[in-house]
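Biologist: Could you take me through one part of this model in detail, the open sheet and whatever goes with it? I'd also like to hear about the disulfides.

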Amino acid sequence: MRRFLLFLFTLLYVVPAFAQAKHPFTFEDMMSLKRVAEPVPSPDGKWVLFAAVDVDLAANTKTPHIWMVPTAGGQEREIIADQDAYRPRWSPDGKLFAFLSNKDGGSQVWVAEFDGKSGSVMAARQWTRIPTEASGEIWSPDGKNILFTSDVYPECEGAPAAEESCNAKKLQDHKQSKVQALVFDHLLYRHWNAYKNGKRTHIFITEAPESYVSREAQTTYRDLTPGDYDAPPFSLGGQDNYAFSPDGQEICYTSNHDKVEATSTNNNLWIVPVHVGADASSAQVLAQTRNITADNPASDSTPLYSPDGKYIAYRAQQRPGYESDRFRLMLYDRKTGENKSLTEFFDRWVGTFTWAPDSKSTYFTAEEFSNRVFVESPNVIWQILRGHDDDLSITSDGKTLLFTRMSLKAPNEIYWVDITHGKVAESLYSMQMYPHTPNAQVVLDTRTAAQLTHLNDPVLSQISMSPLESFWFPGAHGDKVQGFLVKPPNFDPSKKYPVKFLIHGGPQGAWGDDWSYRWNPELFAANGYVVVMINFHGSTGYGQKFIDAINGDWGGAPYEDLMKGLDYAEKTYPFIDKARECALGASYGGYMANWILGHTDRFKCIVSHDGTFNTTAAWGTTEELWFPEWELKGTPYTNRAMYDKWSPHLSATNFKTPTLVVHSQLDYRLDVSEGFQLFTTLQRLGVPSKMLYFPDEGHWVLKPQNSQLWWKTVNDWVDEWVKK
C-alpha cells in the first residue's frame with residue numbers, strides 16, 4: 001500500500017511537471033526545424049525521396065540533404081548527407097536518381113545509384129559540368145535523357161560545343177573585367193533580386209546514364225529553347241514549367257515571347273521534339289517549335305502530359321496583364337488541338353496538380369480558406385482533404401496520394417492518403433457560395449490522411465503554441481470578412497494583452513492555417529501578445545470577385561476591413577488591450593502600414609517592411625510593370641489621379657506614429673528607395689523612427705543571421721512602444 005501511495009504521489013508530481021515542460025516558441029526553435037520539400041515516390045512505389053534543409057544559425061547557412069522513407073511507413077533516413085543535395089528525381093527503372101548539388105562550386109546535376117532492396121545509396125557522382133550551371137533536372141520517361149535548365153547568353157548560338165565555349169568565355173570575361181557596368185536595351189533587365197546580365201534561362205537536354213557505371217559524366221548539351229527569351233520564365237517556386245511527353249520524344253514548356261515582357265503576363269505553352277538533331281541550328285530548332293496556346297492572350301503555364309499521352313493539362317488565366325486572375329485547370333487535346341477548361345464553374349484558384357495513372361482524373365490543390373486537395377472528373381469536383389496541402393504526387397499503382405501538409409503550428413511534413421475508395425459524405429458548397437456553378441457539383445469525399453514523416457516532432461513536442469481561432473464580421477460593401485486570432489502561450493483570460501496587428505502582402509494573398517518562417521504568427525505571439533490578422537478584400541480563397549475588389553481601391557475597402565476587423569476583435573475579446581496595439585506589414589502589408597500611418601493614430605507603433613511609399617516612384621523602379629499598371633489602372637502618365645489617390649506619401653503631414661522602416665538593397669519588386677523616402681520623411685517630420693537596412697537581401701529576408709536580426713529588431717521596437 002505504501003509503495004502504491006508513493007507511486008501515486010510520484011505520478012501526480014511528475015505529470016504536471018512534464019506538462020509544464022513546454023516552453024514558448026523561440027527564433028532558435030524555428031531555425032532548428034527541418035524544411036521538408038516535396039515527396040518523390042519511386043517507380044515501384046516502395047520508397048519516397050525528399051529533400052530537407054538544415055539551418056546552421058552559427059554558420060549562417062542553409063544546407064539541403066536528401067532523405068528517404070518507406071511508402072508503407074517507417075523510419076526516415078538521410079541517404080545523402082556528405083554534401084548539399086536537393087530536388088531528387090528518379091530514373092524510370094528506379095535504379096538511379098538525379099539530384100542537384102553545389103559541391104563542385106556551382107549547381108550541377110548529380111546521379112546516385114540506389115539499392116531498392118535496402119533503400120540506400122550505393123554511390124553518387126557528378127553528371128553535368130556545364131559552365132553556366134544546371135538546375136531543374138527531370139528524367140525522360142524512356143530513360144534516355146535528362147533535361148535541365150541553365151542561364152545562358154542567347155547570342156551564343158551554334159553547335160553545342162561552340163555554344164558552351166562561347167558561354168564559358170563570356171562568363172570568364174565578365175568575371176575578370178575591371179568594368180562591371182551593364183547596358184540595357186529592354187525592360188525587365190533585373191528581376192526579383194538579381195540583374196540578368198544579358199542572360200536567358202533555357203532548357204537543355206543531355207544523354208542519361210544507362211547505369212551508374214556505364215559512362216563518364218556528360219559534356220554535351222543541346223539547347224531546346226534558343227533565342228532571346230526565357231524558357232521557362234522566372235518563377236518563385238511551385239510546379240515545373242516544362243514536362244516530357246510519356247514517350248520521351250517531346251517536351252512542352254512555358255515561355256513569354258511578347259516584345260515588352262515587363263508589361264506582359266502572356267506566357268504561352270510551346271512544344272518541341274527532343275530529337276531535333278545534334279547539329280541543328282537555332283533556326284532549325286525554332287522551326288520545329290509550336291505555340292499551342294496562341295489564342296489566349298493571358299498566362300498559360302505548368303504543363304503536364306497525361307500518362308496515356310493524349311492530353312496536356314495546364315493552368316491558365318483569361319485576363320491579360322492581371323497576375324491575380326483566376327487560375328483554371330485546362331486540358332489540351334494533342335490530337336485535335338482543342339483547349340478546354342476543366343474547372344470553369346469552380347470559383348477558386350487551381351494550384352499544383354497531378355494526373356491519376358489511368359489518365360481519367362486529375363488531383364489538384366485550391367485555396368478554400370486553406371490549401372485543400374480536390375479531384376476533377378466530368379461535371380463533378382470532389383474535395384478529399386481539408387488541410388493546408390501541396391506538392392501532390394501519386395504512386396504508380398494509383399492507390400496512394402502523397403503530399404506535404406503544414407499548419408500554423410507545424411511546418412511541412414509528408415503525408416499520404418488512400419485514394420482507392422471513399423464515401424461521399426455531404427454537399428460541401430451551396431449554390432449561394434458558388435453562384436456561377438450551375439453545371440458543376442462540388443462534394444466532400446471523406447478521407448483520412450496519415451503522417452509519413454516526423455522530422456520535426458522532437459522540436460515541436462517541446463513548444464507551447466496556441467491554436468488559430470477564426471472570426472467573421474461585416475466588412476466593406478456589406479460583405480462577410482474573415483479574421484484570425486492567436487493567443488500567447490500560457491494564456492490567462494483574466495489578463496489584458498497587447499496586440500500585434502499583422503497585415504498580409506500580395507495584396508492577393510491570405511492568412512490561414514499555414515506555416516511561415518518569415519512572418520510566423522506563433523512566434524509573434526510567443527512573447528506575450530495577441531496576434532490579430534484580417535483577410536481583407538483582395539485576399540485569396542474567397543472567390544475571384546472578392547479578389548478583384550482591391551483593384552483600383554488599395555486604400556479603400558481593404559483599409560475599411562482592417563479597421564472594422566480590429567474593432568470587432570476589441571469588442572469581442574475582453575482580453576485585448578486596445579490601448580496597446582502595433583500594426584505590422586510587409587510588401588502590400590508595408591504599403592498598408594504606410595497608409596495607416598497617414599490615416600489613423602490608433603496604433604502605438606508601426607512596422608513597415610518593403611512597402612510602397614510613393615506610388616509613382618514605385619512604378620518607375622519596379623520590374624514587373626504589369627502589376628502596378630493593372631492594380632492602379634494605367635501608368636502615372638495615363639492615370640495620375642489614381643496613383644495620387646492611393647499614394648501614402650501625400651498624407652505625410654498626418655504622420656505621428658512611431659515607425660520602424662525595413663527595406664533591402666536587392667529588393668527589385670519594391671526598390672529600396674521607397675524605404676529611404678519613408679525614413680527621410682519620418683525623420684524630417686520629427687516622428688520617432690528607425691530604419692533596418694539589409695544590403696544583401698531582396699524582398700524577403702532569408703539569411704539565418706539576418707532573419708535573427710530582423711526578428712529581434714522588430715520585436716524590440718514593438719516592445720519599446722507597446723509594453724512600456
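Modeller: Here is the sheet, then its helices, then the disulfides. A few ground rules: this is a predicted model, where local features need pLDDT of at least 70 and side-chain atom pairs count only at pLDDT 80 or more, while totals for chains, interfaces and linings use all residues. Residues are numbered from 1 along each chain as its sequence is written, and side-chain values use heavy atoms, with hydrogens and water left out.

The open sheet has eight strands in the order β36-β37-β39-β38-β40-β41-β42-β43, and the pairing is mixed. Strands (E, at least two residues) and helices (H or I, at least four) are DSSP runs numbered from the N terminus, and two strands pair if DSSP finds at least two bridges between them. At the edges you'll find β36 (469–474) and β43 (689–694), each with a single partner strand, so one side of each has no neighbour in the sheet. On average, neighbouring strands here are turned by 20 degrees against each other, direction ignored; axes are lines fitted to C-alpha atoms, for helices over the stretch in contact, and angles run from 0 to 180 degrees between N-to-C directions.

β42 (residues 659–664) pairs with β43 in the parallel sense over six bridges, and Leu660 stands opposite Lys690 in β43. Helix α9 (residues 588–597) packs on the sheet, touching β38 (497–503), β40 (576–586), β41 (605–609) and β42, with its direction at about 145 degrees to that of β41. Contact here means heavy atoms within 4.5 Å. Helix α14 (residues 704–722) lies across β38, β40, β41, β42 and β43, at about 160 degrees to β41.

Cys582 and Cys605 form a disulfide, S to S 2.1 Å, where a disulfide is a pair of cysteine sulfur atoms within 2.5 Å. Its S-S torsion is about -125 degrees, so the disulfide is left-handed. Cys582 sits in β40 and Cys605 in β41, so the pair ties together parts 23 residues apart in sequence. Cys582 is buried at 0% relative accessibility, and Cys605 is buried at 0% too; buried means under 20% relative accessible area, exposed over 50%, partly exposed in between (1.4 Å probe, protein chains only).

The whole structure has two disulfides. Cys156 and Cys166 also form one, with sulfur atoms 2.0 Å apart, and its torsion of about -65 degrees makes this disulfide left-handed. Cys156 is buried at 5%, whereas Cys166 is partly exposed at 26%.
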